Amino acid sequence: MARVDRRELAAVFAGGFLGAIARAEVAEALPVHRGQWPWATFLVNVAGALLLGYFTTRLTERLPPSAYRRPFLGTGICGGLTTFSTLQLELLHLLDDGDVLLAGSYAVASVVAGFAAVALATNLVRQS
């Protein structure tokens, strides 16, 4: 069995805690009502994609290697902030309610906006 680096694990935990707190704050500020666009999940997922593109590119292409930055920023903060499972549950609720057009728009916009955010952040880091 591989040995666990407790400091790396602590970095993931600390980043995940911060990301989850940020997501909870956004969810409380923008509650989801049935039949409406789930703005909180959409915004945290796009923001998380933007941050992940920025952190990953910056850490791998611009900064010296570090054992704890990527686990803290990528796996921790971005992982705690974003939520693929909530997106799936919200899509199911929209479909259950017969909001097929809204569900389809939400699914497509989430993927397109997330990809655009990653590409934008990556390009910004590479141009700086």
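User: How do the residues of the lining of the largest pocket divide into nonpolar, polar and charged?

Analyst: In this predicted model, the lining of the largest pocket consists of nine nonpolar residues and eight polar ones, with no charged residues.

User: What volume does the largest pocket have, and which residues are closest to its centre?

Analyst: The volume of the largest pocket is about 270 Å³, and of the 17 residues that line the pocket, Asn45, Thr82, Phe84, Leu87 and Ser110 are the closest to its centre.

User: Which helix gives the most to that lining?

Analyst: That is α5, with five residues, although α2 (39-61), α3 (69-81), α4 (84-96) and α5 (100-127) each supply at least two residues of the lining.

User: Switching to rings, how many aromatic pairs are there in the whole structure?

Analyst: A search of the whole structure gives five aromatic pairs, and one of them joins Trp39 and Phe42 edge-to-face, with 5.9 Å from centre to centre and 85 degrees between the planes.

User: Where do Trp39 and Phe42 sit in helix α2?

Analyst: They are three residues apart in helix α2, so about one helical turn separates Trp39 from Phe42.

User: And is Phe42 buried or exposed?

Analyst: Phe42 counts as buried because its relative accessibility is 13%, under the 20% cut-off, whereas Trp39, at 46%, counts as partly exposed.

User: What about the rings of Tyr54 and Phe55?

Analyst: Their centres are 6.0 Å apart and their planes lie at 70 degrees, so this pair is edge-to-face; Tyr54 is partly exposed at 36% relative accessibility, while Phe55 is buried, with a relative accessible area of 14%.

User: Which residues do ring pairs link into a cluster?

Analyst: The cluster linked by ring pairs is made up of Trp37, Trp39, Phe42 and Tyr106.

Key: Residues are numbered from 1 along each chain as its sequence is written. This is a predicted model: local features need pLDDT of at least 70, side-chain atom pairs count only at pLDDT 80 or more; totals for chains, interfaces and linings use all residues. Side-chain values use heavy atoms; hydrogens and water are left out. On a 1 Å grid over the protein atoms alone, a cavity is a set of points where a 1.4 Å probe fits but cannot get out, and a pocket is an open set with protein on both sides within 12 Å along at least five of seven lines; lining residues have an atom within 4 Å of a point. Grid points are joined across faces, edges and corners, and a volume is the space filled by probe spheres set on the points. Helices (H or I, at least four residues) and strands (E, at least two) are DSSP runs, numbered from the N terminus. Ala, Val, Leu, Ile, Met, Phe, Trp, Tyr, Cys and Pro count as nonpolar, Asp, Glu, Lys and Arg as charged, and the others, Gly among them, as polar. Rings of Phe, Tyr and Trp (its six-membered ring) pair if their centres lie within 6.5 Å; planes under 30 degrees apart count as stacked, over 60 as edge-to-face and the rest as tilted. Buried means under 20% relative accessible area, exposed over 50%, partly exposed in between (1.4 Å probe, protein chains only).
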